[in-house]
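Me: I am new to this structure and would like to learn how to read helix packing and nonpolar cores. Please show it first.

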Amino acid sequence: MQLALIGVGRIGGAIVDTVTSCDRLLGGGLVAGSVAVDTAPADLASLRAVPRSNRVTIGGAYPCRDGVDGDNEFGASITTEDIDAILAGVDGIPSHHADAFLVVAALGGGTGGGGAPVVARELRRLFSRPVYGLGVLPSRDTDTATAQRTVRSLVTFVREVDNLLLVDGTNGRRHADVSELAHQIAAVFGSAGATEVDEAIETNESDESHTGGESHEFDGDSEMPARIDDGDSLPVDSDPVGLESVLEVGGVSLLGHAAATSPQRGLVERVWNPTAQTPKPDDEETLRLVQAAAYGGIRTGRRTQTQNRNSTDTTTESPPVPQAQSAWVVTTGLQQQESQESGGSREPPGTLVDERSRRWLCDETNVRTVGGRRVTATDGSHSVTLLLAGVRDAPRLTDLWERAVHVGCGDPRDDPTRTSPETATERDKAFEPLF
């Protein structure tokens, strides 16, 4: 799937810039064009791959303000006022080459959380192609005011796109990992191998460190940088169920990623058998990665305490699994390559996602459609990127709603006497959209 990328706000622009840069290093194929929109000219100037003509500064009518100070309502208003300038930047994208638009933003921010839904609304009005959104959630321990802004942006954004993909970009850190988010976008929508994407991201980051953040412009007439891999592209297989049909369910989708630690061979084994390859990951390991991708980055583990007079025993509950309608699984490993080399039978169509993982997804998440693709990694790495589409219930979002419902009242988990989300009124649970 070839995408026209529009990044709104600092995080959105940085993600789009990274994906665009990596796609160029890999010879193209994923990004038809990219646009970055922000209220801060300095953030736009730091971008490297988005053409300067496609970097749109908005909010020029308010020179006394430093950005929008996290005010997503004001961000939506500014974006609406300057929408013509944004659409002029979109006109620079050869949209006839794009299969879909992807609007990227951090939902907790003012410019991204407020402006991304406005941009998506106009794109759907003007173009017949699907318009998807990618919203980056704030950290799990975010303050309640940010949680409320995030929820209001979320309920607005999901209304304006064909499918809203949510990802927890912090992954236990205080700030979003732009490279990891770019990796997940490339894994879900692209066709390059994960090894190639990782090398491109590392090359991109290395270039930034050597140039001290100096901007290198690309324009439409510039020659595309040479592909970093001169050999044939890595083998890629796809299920008959396409990504478009998985995303057609609409609503909210969740992105998760998990990678296995590469096994290390001992010294004796390396001396006696230096040509031995990394062991092939089995279905059991793939299942563990699928489960980790479903839990990690999507749920928040909750701890319970059992006390007696002599000791305190703290255990961790088994977290619930998000409930969804369909799933897309991208598996990176050596399975397909080795099965062909060994002369084994090729898996029949529709079983590229191994049966154990497929059964677990169907049983635990209640999905009815499972598609995906398998990519051969030359370095022996093994990872899973999971997209759960049409989500009906997700603990990660429930936790976010809990904080937002009690905005101004402190964290409800800090005071057990406060009203729980289950007993809160529907009026308290409802959040008005930004527009």
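Predicted model: local features only at pLDDT ≥ 70, side-chain atom pairs only at ≥ 80, totals over all residues.

Me: How do I read the packing of H4 and H5?

Reply: Two packed helices are described by the angle between their axes and the distance between the axes. Helices are DSSP runs (H or I, at least four residues), numbered from the N terminus. Axes are lines fitted to C-alpha atoms over the stretch in contact, and angles run from 0 to 180 degrees between N-to-C directions. Here H4 (residues 83-91) and H5 (residues 110-126) pack at about 60°, with axes 11 Å apart. H4 is therefore oblique to H5; oblique is what remains after under 35 degrees (roughly parallel), over 145 (roughly antiparallel) and 65 to 115 (roughly perpendicular).

Me: Which residues of H4 and H5 meet?

Reply: Contact means heavy atoms within 4.5 Å. From H4, Ile 83, Ile 86, Leu 87 and Val 90 meet Val 118, Val 119, Glu 122, Leu 123 and Leu 126 of H5. The residues of this contact divide into eight nonpolar, no polar and one charged. Ala, Val, Leu, Ile, Met, Phe, Trp, Tyr, Cys and Pro count as nonpolar, Asp, Glu, Lys and Arg as charged, and the others, Gly among them, as polar.

Me: How is a nonpolar core read, and which residues have the most contacts inside the largest one?

Reply: In soluble globular proteins, nonpolar side chains tend to be buried together. A nonpolar core is a set of buried Ala, Val, Leu, Ile, Met, Phe, Trp, Tyr and Cys residues joined through side-chain atoms within 4.5 Å. The largest has 65 residues, and Ile 6, Val 103, Leu 123, Leu 166 and Leu 361 have the most contacts inside it. Helix H11 (residues 283-295) gives the most to this core, six residues. A second, separate core of 37 residues includes Leu 5, Leu 44, Ala 100 and Val 330.

Me: Is H14 mostly covered or mostly uncovered?

Reply: Buried means under 20% relative accessible area, exposed over 50%, and partly exposed in between (1.4 Å probe, protein chains only). H14 (residues 395-405) is mostly covered, with nine of its 11 residues buried. Among them are Pro 395, Leu 397, Asp 399 and Arg 403.

Terms used: Residues numbered from 1 in each chain as written. Heavy atoms only, no water. Helix = DSSP H or I, 4+ residues; strand = E, 2+ residues; numbered from the N terminus.
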